[in-house]
Amino acid sequence: MAVTLQTYLADAAEPGLAGLLNAMVDACAAISTLVRRGAVDEIMGALESENVQGEVQKKLDVISNDILLESCAKAPALAAMASEEMDSIHPVRPVTAEARYLLLFDPLDGSSNIDVNVSIGTIFSVLPVTADAAREATEADFLQPGRNQVAAGYVVYGPQTTLVFTLGDGTTVFTLDPVTGEWLQTAEKVQVPAETKEFAINASNMRHWAPPVRAYIEDCLAGETGCRGKNFNMRWIASMVADVHRIAMRGGVFLYPWDAREPDRAGKLRLMYEANPMAMVMEQAGGASYDGFGPTLDAKPTGLHQRVSVMLGSAAEVERLQKAHEAALQPA
Ligand code: P6P
C-alpha cells in the first residue's frame with residue numbers, strides 16, 4: 001500500500017511544517033485541476049498586467065498565486081510569503097515560536113507554455129525565521145542562503161501531477177491520484193545518475209554565452225568525435241520544472257547561464273524561488289547545482305527577485321562546468 005503524503009509528513013516533519021506543506025500541496029491540487037481545464041474555463045491567455053520581472057502575466061499565473069496565498073495563509077506555522085508574481089513580501093502573521101517559517105514560490109513556472117498545452121509547474125522553498133519577541137517578518141528575513149532551506153521542491157502539471165520535494169533527508173516523489181485526490185508516494189529516495197548523455201539549454205543563445213559554457217556545449221555537440229568520446233542528446237522544454245523533473249528521473253544537465261544579451265544580469269532564473277529549491281532537490285538526490293561562482297545553495301542573496309546563472313543536474317557534468325569556469329578565471 002503506497003504511503004500517502006499526509007502519513008509521510010506526519011512522520012518526517014514537525015507538525016507546523018507538515019501543516020504548511022499540506023496546505024501548499026492542497027493549493028497545487030487545485031491549480032492542477034484548473035491547468036487541466038484550461039481553455040474550458042476561459043482562463044488561458046495573458047492579462048494587461050506585468051509582474052515585478054516585467055513579464056506579461058498570464059491569467060493562470062495570477063489565479064495560481066491567489067490560490068497559494070489563500071491556502072497557505074491558513075497554516076499557523078507560516079509567518080510570511082514571497083512570490084515571483086508579487087513585488088514585495090506578503091506578511092501573514094507575526095513571527096513567533098509557532099509562526100516560524102517563510103514560504104517562497106513561483107506559482108506557475110513555465111507559463112509561456114500554458115497556452116500551448118506543455119507541462120508547467122509550481123516551485124516552492126521554505127526558510128526558517130525566528131524572533132526574540134513577536135514581530136512582522138521583513139524582506140531581510142527572506143535573504144538567506146539556499147543552504148538554510150528546511151523544505152524545497154516542485155509540482156509538475158504534466159501527464160501526471162507529480163510532487164518532488166526534500167526535507168533535507170533525500171528527495172522523494174508523490175503522484176496525485178486524480179480519482180481519489182490522494183498524493184501517493186511513487187519514489188522514495190531519488191538518485192540522479194552522476195553521468196549523462198543529455199543536456200538542456202536554449203541553444204539559440206549560443207553566440208551570447210561565456211566561453212566556458214560555449215566550450216562545454218561544443219564538446220557535447222562534437223560527441224564521439226570529440227574529447228567527450230560519446231554522443232549527446234539535447235532537450236529544451238522551456239519549462240524549468242519539466243526539464244528539471246526529467247533530469248531528476250533519468251539524469252542530465254540543465255543550463256540557463258549568464259549571457260551577454262544583458263551583461264549586468266547574472267542570469268534569467270530567480271535565485272530565491274527557482275534556483276535554490278531546485279538546487280536542494282538536486283543535491284539531496286546526489287546531483288549538484290552551480291551558479292558560475294560556487295554551489296547555488298551557498299549564494300548569499302541580496303534581493304528577493306535577484307537572478308542567477310543556473311547549471312544543475314548530474315554531478316559529474318556540473319563538476320566539469322565548475323572546473324571550466326574556474327580555469328577561465330586563472331591568469332593565462
Ligand atoms: P527561454 C519559463 O519562462 C522560464 O522561466 C523557465 O521555466 C524556463 O527554463 C526558461 O524560462 C525558458 O527560457 O529563454 O528558453 O524561453
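How many Å should the 15 residues of helix α8 (residues 315-329) span, and how far apart are its end C-alpha atoms? At 1.5 Å a residue, helix α8 should span 21 Å, and its end C-alpha atoms are 21 Å apart, which agrees. The expected span here is 1.5 Å times one less than the number of residues. Helices (H or I, at least four residues) and strands (E, at least two) are DSSP runs, numbered from the N terminus.

Before going on, a word on the model: it is predicted, so local features need pLDDT of at least 70 and side-chain atom pairs count only at pLDDT 80 or more, while totals for chains, interfaces and linings use all residues. Residues are numbered from 1 along each chain as its sequence is written, and side-chain values use heavy atoms, leaving out hydrogens and water.

Let's stay with α8 for a moment. Its buried residues (under 20% relative accessible area; exposed is over 50%, partly exposed in between, with a 1.4 Å probe and protein chains only) are Ala-316, Glu-317, Val-318, Leu-321 and His-325. They are covered by elements including α5 (211-222), β13 (253-256), β15 (288-290) and β17 (310-313), where contact means heavy atoms within 4.5 Å.

Next, look at helix α6 (residues 240-250) and helix α7 (residues 271-284), which pack at an angle of about 10° with their axes 11 Å apart. Axes are lines fitted to C-alpha atoms, for helices over the stretch in contact, and angles run from 0 to 180 degrees between N-to-C directions. The two helices are therefore roughly parallel to each other, a label for angles under 35 degrees. From α6, the contact is made by Met-240, Val-241, Val-244, Ile-247 and Ala-248; α7 brings Glu-274, Met-278 and Met-282.

With 36% relative accessibility, Gly-286 counts as partly exposed, and beyond its sequence neighbours up to four places away it touches Gln-191, Val-192 and Ala-315.

Finally, the aromatic rings. The whole structure holds 6 aromatic pairs, meaning rings of Phe, Tyr and Trp (its six-membered ring) with centres within 6.5 Å; planes under 30 degrees apart count as stacked, over 60 as edge-to-face and the rest as tilted. The rings of Phe-199 and Phe-232 have centres 6.5 Å apart and planes at 55°, so this pair is tilted. Both residues are buried. Trp-236 and Tyr-256 form another tilted pair, 5.9 Å centre to centre with 50° between the planes. Trp-236 is partly exposed at 24%, whereas Tyr-256 is buried at 10%.

Methods. Angles under 35 degrees count as roughly parallel, over 145 as roughly antiparallel, 65 to 115 as roughly perpendicular and the rest as oblique.
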